[in-house]
Amino acid sequence: MTDAMTCPKCNSEHAYQDRGLWVCPECSHEWSGTAEAAADAAQDASVRDANGNVLADGDSVIVIKDLKVKGSSSVVKGGTKVRNIRLQEASDGHDIACKIDGIGAMNLKSEFVRKA
């Protein structure tokens with residue numbers, strides 16, 4: 001079997017072609033077998049905010065909802081502006097490292113911020 005017939009998500013060999021797409025019956029993942037799929041995977045590797053904007057090191061973001069600080073009774077209020085963020089790879093989803101005035105250094109998930 002070719003790589004196009006193997007599901008890139010779950011590595012199932014039971015994928016089938018439906019018109020221009022490959023479909024995996026085990027995990028319901030759909031993909032195209034062209035170089036376009038590789039470009040989409042590279043684009044998905046970038047960190048995006050809640051609105052879909054690409055984030056970069058040094059950007060300023062705004063927290064979109066109240067966030068409890070783990071191990072503390074303090075809260076990061078929605079609307080708090082965070083300057084000079086640093087992007088990091090994290091398996092737990094906290095892909096932004098930053099300092100917040102009054103709280104200190106912490107990690108945030110990109111899904112709870114929007115680009116300022």
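Reply: The largest pocket holds about 230 Å³ of space. A pocket is found on a 1 Å grid over the protein atoms alone, as an open set of points with protein on both sides within 12 Å along at least five of seven lines. Its volume is the space filled by probe spheres set on the points, which are joined across faces, edges and corners. Please note that this is a predicted model, in which local features need pLDDT of at least 70 and side-chain atom pairs count only at pLDDT 80 or more, while totals for chains, interfaces and linings use all residues. Residues are numbered from 1 along each chain as its sequence is written, and side-chain values use heavy atoms, with hydrogens and water left out.

Me: Which element gives the most to the lining of the largest pocket?

Reply: Lining residues have an atom within 4 Å of a point. Strand 10 gives the most, with three residues. Strands are DSSP runs of E with at least two residues, and helices are runs of H or I with at least four, numbered from the N terminus. Among the lining residues are K65, D66, H94, M106 and F112. The lining divides into five nonpolar, two polar and five charged residues; here Ala, Val, Leu, Ile, Met, Phe, Trp, Tyr, Cys and Pro count as nonpolar, Asp, Glu, Lys and Arg as charged, and the others, Gly among them, as polar.

Me: In what order do the three strands of the open sheet stand?

Reply: Strands of a sheet pair through backbone hydrogen bonds, either parallel or antiparallel. Two strands count as paired if DSSP finds at least two bridges between them. In this model the order is 1-2-3, with antiparallel pairing. Strand 1 (16-18) and strand 3 (30-31) are at the edges with a single partner strand each, so one side of each has no neighbour in the sheet. Two bridges join strand 2 (residues 21-23) to strand 3, and W22 stands opposite W31 in strand 3.

Me: Which residue forms a salt bridge with D59?

Reply: Side chains of opposite charge can pair when their charged atoms come close. A salt bridge requires a side-chain nitrogen of Lys or Arg within 4 Å of a carboxyl oxygen of Asp or Glu. The structure holds one: K115 pairs with D59, their closest N and O atoms being 3.5 Å apart. K115 lies in strand 11 (residues 113-115) and D59 in the loop between helix 1 (35-44) and strand 4 (61-63), so the pair ties together parts 56 residues apart in sequence.

Conventions:
On a 1 Å grid over the protein atoms alone, a cavity is a set of points where a 1.4 Å probe fits but cannot get out, and a pocket is an open set with protein on both sides within 12 Å along at least five of seven lines; lining residues have an atom within 4 Å of a point.
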